[in-house]
Amino acid sequence: MEQISFDDILTEEESNKTILSPLHNALMELLESNVTSVMDICEHLIKDGLLSADRFSTNKPKAYPKVCSILDELVQKDQVIFVEDKDRIDRIYQLK
(Lines give C-alpha, C1' and ligand atoms only; values in the text may rest on other atoms or scores of the structure.)
Protein backbone atom coordinates (compact mmCIF):
# COMPACT_ATOMS: atom_id res chain seq x y z
CA MET A 1 0.00 0.00 0.00
CA GLU A 2 1.39 3.36 -1.02
CA GLN A 3 1.35 6.28 1.39
CA ILE A 4 0.30 9.71 0.27
CA SER A 5 2.26 12.74 1.29
CA PHE A 6 1.08 16.07 2.60
CA ASP A 7 2.08 17.60 -0.74
CA ASP A 8 -0.20 15.13 -2.55
CA ILE A 9 -3.13 16.24 -0.41
CA LEU A 10 -2.43 19.93 -1.05
CA THR A 11 -2.10 19.34 -4.78
CA GLU A 12 -5.40 17.44 -4.81
CA GLU A 13 -7.16 20.23 -2.88
CA GLU A 14 -5.79 22.89 -5.23
CA SER A 15 -6.92 20.98 -8.31
CA ASN A 16 -10.41 20.55 -6.80
CA LYS A 17 -10.67 24.29 -6.21
CA THR A 18 -10.22 25.08 -9.88
CA ILE A 19 -13.25 23.01 -10.93
CA LEU A 20 -16.20 25.38 -11.06
CA SER A 21 -19.75 24.26 -10.43
CA PRO A 22 -22.53 25.06 -12.90
CA LEU A 23 -23.62 27.78 -10.46
CA HIS A 24 -20.15 29.38 -10.45
CA ASN A 25 -20.03 29.20 -14.25
CA ALA A 26 -23.47 30.80 -14.54
CA LEU A 27 -22.43 33.58 -12.12
CA MET A 28 -19.35 34.34 -14.18
CA GLU A 29 -21.36 34.35 -17.43
CA LEU A 30 -23.88 36.79 -15.94
CA LEU A 31 -21.10 39.09 -14.73
CA GLU A 32 -19.50 38.91 -18.18
CA SER A 33 -22.81 40.03 -19.70
CA ASN A 34 -22.89 43.03 -17.29
CA VAL A 35 -25.51 41.67 -14.90
CA THR A 36 -23.95 43.12 -11.74
CA SER A 37 -26.80 43.27 -9.20
CA VAL A 38 -27.03 40.23 -6.91
CA MET A 39 -30.84 40.52 -7.00
CA ASP A 40 -30.77 40.40 -10.81
CA ILE A 41 -28.26 37.54 -10.77
CA CYS A 42 -30.53 35.59 -8.42
CA GLU A 43 -33.56 36.19 -10.64
CA HIS A 44 -31.68 34.90 -13.70
CA LEU A 45 -30.44 31.83 -11.82
CA ILE A 46 -33.93 31.09 -10.48
CA LYS A 47 -35.35 31.41 -14.00
CA ASP A 48 -32.64 29.02 -15.28
CA GLY A 49 -33.45 26.51 -12.54
CA LEU A 50 -30.06 26.77 -10.82
CA LEU A 51 -31.50 28.27 -7.61
CA SER A 52 -34.62 27.64 -5.58
CA ALA A 53 -37.46 30.12 -6.05
CA ASP A 54 -38.09 30.22 -2.26
CA ARG A 55 -38.23 33.76 -0.87
CA PHE A 56 -38.09 35.61 2.42
CA SER A 57 -41.10 37.71 3.48
CA THR A 58 -39.25 40.72 1.99
CA ASN A 59 -39.45 38.95 -1.41
CA LYS A 60 -35.65 38.58 -1.48
CA PRO A 61 -34.61 35.13 -2.75
CA LYS A 62 -33.48 32.79 0.02
CA ALA A 63 -30.45 31.99 -2.15
CA TYR A 64 -29.33 35.65 -2.02
CA PRO A 65 -26.85 35.09 0.87
CA LYS A 66 -25.38 32.04 -0.92
CA VAL A 67 -24.82 34.06 -4.11
CA CYS A 68 -23.20 36.88 -2.09
CA SER A 69 -20.96 34.36 -0.37
CA ILE A 70 -19.80 32.89 -3.68
CA LEU A 71 -19.16 36.36 -5.08
CA ASP A 72 -17.24 37.33 -1.93
CA GLU A 73 -15.05 34.24 -2.44
CA LEU A 74 -14.38 35.41 -5.99
CA VAL A 75 -13.44 38.85 -4.61
CA GLN A 76 -10.92 37.12 -2.31
CA LYS A 77 -9.52 35.26 -5.34
CA ASP A 78 -9.15 38.63 -7.11
CA GLN A 79 -11.54 37.67 -9.93
CA VAL A 80 -14.41 39.99 -9.03
CA ILE A 81 -14.71 43.48 -7.54
CA PHE A 82 -17.26 44.42 -4.87
CA VAL A 83 -18.66 47.76 -6.06
CA GLU A 84 -21.30 48.78 -3.51
CA ASP A 85 -23.91 47.77 -0.98
CA LYS A 86 -27.19 49.51 -1.84
CA ASP A 87 -28.65 50.18 1.62
CA ARG A 88 -28.57 46.45 2.46
CA ILE A 89 -31.19 45.86 -0.22
CA ASP A 90 -28.81 44.77 -2.96
CA ARG A 91 -25.10 44.39 -3.66
CA ILE A 92 -23.22 45.19 -6.84
CA TYR A 93 -20.22 43.26 -8.17
CA GLN A 94 -18.31 43.36 -11.43
CA LEU A 95 -15.57 41.40 -13.11
CA LYS A 96 -12.05 42.60 -12.53
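The chain contains four helices and two strands in a model that is predicted, not determined by experiment. Read from the N terminus, these elements follow the order α-α-α-α-β-β. This briefing covers the chain as a whole and then helix 3, which spans residues 38-47.

**Chain-level burial, surface and contacts**

- Of the 96 residues in the chain, 29% are buried.
- When contacts between residues at least 6 apart in sequence are considered, 42% of them link residues at least 24 apart.

**The buried face of helix 3**

- Helix 3 has V38, I41, C42, L45 and I46 as its buried residues.
- Viewed down the helix axis, the buried residues of helix 3 fall within an arc of 135 degrees, and therefore they line one face of the helix.

- At the start of helix 3, S37 places a side-chain oxygen within 3.3 Å of the backbone nitrogen of M39.
- After helix 3 comes G49, which has a positive phi, near 80 degrees.

Conventions: Residues are numbered from 1 along each chain as its sequence is written. This is a predicted model: local features need pLDDT of at least 70, side-chain atom pairs count only at pLDDT 80 or more; totals for chains, interfaces and linings use all residues. Side-chain values use heavy atoms; hydrogens and water are left out. Buried means under 20% relative accessible area, exposed over 50%, partly exposed in between (1.4 Å probe, protein chains only). Contact means heavy atoms within 4.5 Å. The arc is that of the directions from the helix axis to the C-beta atoms. A polar contact is a pair of N or O atoms within 3.5 Å; within protein, one must be able to donate a hydrogen and the other to accept it, and residues adjacent in sequence count only if both atoms are side-chain atoms.
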